[in-house]
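Here is a friendly walk through one fold, with each label checked against the cut-off behind it. Have a look at the coordinates, then follow the questions.

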Amino acid sequence: MRLLLGVAARRGVLALALMGWATLPALASSEPLLDQVRALGVLVEERADCGGPRQLATYNMGANLLCLSPALRRDPQQRAKVIQHELVHVIQDCLDGLESPTSLSLAEGLRATSSLSAGQVNGFFLQHLRRQGNLQHVVATTALLPQDSRQREFEAYALQGDAQMVAHLLAKTCRIPSAP
């Protein structure tokens with residue numbers, strides 16, 4: 001029961017976090033965010049092999065492991081965007097509890113805790129993708145994924161260019177585990 005209340009509380013915070021995100025100052029780098037996820041218990045590793053041959057980063061929700069390619073060090077702007085993308089997956093994982101081997105999409109969390117319709121929630125993410133100019137790329141690269149995975153990727157691509165939103169959602173949705 002306590003776990004369910006904790007999950008419901010995190011989902012409720014998501015709606016409030018998305019509505020009030022604009023008050024945060026801009027972040028110069030994603031490094032402080034990496035420190036935050038480490039404090040949550042997520043292992044952050046830098047390895048040449050993070051999955052497929054062209055993958056620069058992955059987040060494994062079952063293992064709470066964020067892998068970053070050292071190649072990202074050559075382009076700090078791309079590194080920040082890739083980290084922000086993967087941190088959206090951490091946020092999705094926090095919605096269902098980092099201790100759980102599953103995650104929820106941000107859309108699921110919003111629909112469960114607010115009066116927003118599915119169309120409004122998806123419109124929010126579409127607006128971000130259009131603003132970044134990557135909507136067609138995202139549609140093409142996620143087309144073969146199962147619907148739940150596609151939604152999570154859609155959200156990560158939508159928010160990867162919004163450092164303030166990612167930082168705000170991370171702070172409001174993910175909680176540092178308390179000592180036993």
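This is a predicted model: local features need pLDDT of at least 70, side-chain atom pairs count only at pLDDT 80 or more; totals for chains, interfaces and linings use all residues.

Q: Which residues make the contact between helix 5 and helix 7?
A: Helix 5 contributes Asn122, Phe124, Phe125, Leu126, His128, Leu129 and Gln132. From helix 7 come Gln151, Phe154, Glu155, Tyr157, Ala158 and Leu159.

Q: What is the make-up of the contact of helix 5 with helix 7, in nonpolar, polar and charged residues?
A: The residues there divide into 8 nonpolar, 4 polar and 1 charged. Tyr counts as nonpolar and Glu as charged, and both Tyr157 and Glu155 take part on the helix 7 side.

Q: What makes helix 3 oblique to helix 7?
A: The axes of helix 3 (residues 76-96) and helix 7 (residues 147-159) come within 8 Å and cross at roughly 130°. Roughly perpendicular covers 65 to 115 degrees, and roughly antiparallel needs an angle over 145. The crossing at roughly 130° therefore makes helix 3 oblique to helix 7. Helix 3 passes helix 7 in a right-handed crossing.

Q: Which residues make the contact of helix 3 with helix 7, and how do they divide?
A: His85, Val88, His89 and Gln92 of helix 3 touch Arg152, Glu153, Glu155, Ala156, Tyr157 and Leu159 of helix 7. This set splits into 4 nonpolar, 3 polar and 3 charged.

Q: How do you know whether helix 2 and helix 8 are roughly parallel or roughly antiparallel?
A: The axes of helix 2 (residues 31-40) and helix 8 (residues 163-173) come within 11 Å and cross at roughly 20°. Roughly parallel means under 35 degrees, and helix 2 and helix 8 are therefore roughly parallel to each other. Their crossing is left-handed.

Q: Which residues meet between helix 2 and helix 8?
A: Leu33, Gln36, Val37 and Leu40 of helix 2 meet Val166, Ala167, Leu170 and Ala171 of helix 8. This contact has 7 nonpolar residues, 1 polar and no charged.

Q: What makes strand 1 and strand 2 edge strands?
A: The sheet is open, with 3 strands in the order 1-3-2 and mixed pairing. Strand 1 (43-46) and strand 2 (57-60) each pair on one side only. The twist averages 15° from one strand to the next.

Q: How do you know that strand 1 pairs with strand 3?
A: Pairing needs at least two bridges, and 4 bridges join strand 1 to strand 3 (residues 65-68). These two strands run parallel, and Leu43 stands opposite Leu65 in strand 3.

Q: Which strands does helix 3 lie across?
A: Helix 3 lies across strand 1, strand 2 and strand 3, and runs at about 10° to strand 2.

Q: Where is the pLDDT below 50?
A: The chain averages a pLDDT of 82, and 82% of the residues score at least 70. Over residues 1-13 the pLDDT is below 50, with 18 contacts beyond near neighbours in sequence. Residues 19-28 also have a pLDDT below 50, with 13 such contacts.

Terms used
Residues are numbered from 1 along each chain as its sequence is written. Side-chain values use heavy atoms; hydrogens and water are left out. Axes are lines fitted to C-alpha atoms, for helices over the stretch in contact, and angles run from 0 to 180 degrees between N-to-C directions. A crossing is left-handed if the near helix is turned anticlockwise from the far one by less than a right angle, and right-handed if clockwise. Contact means heavy atoms within 4.5 Å. pLDDT is the predictor's confidence in each residue, from 0 to 100.
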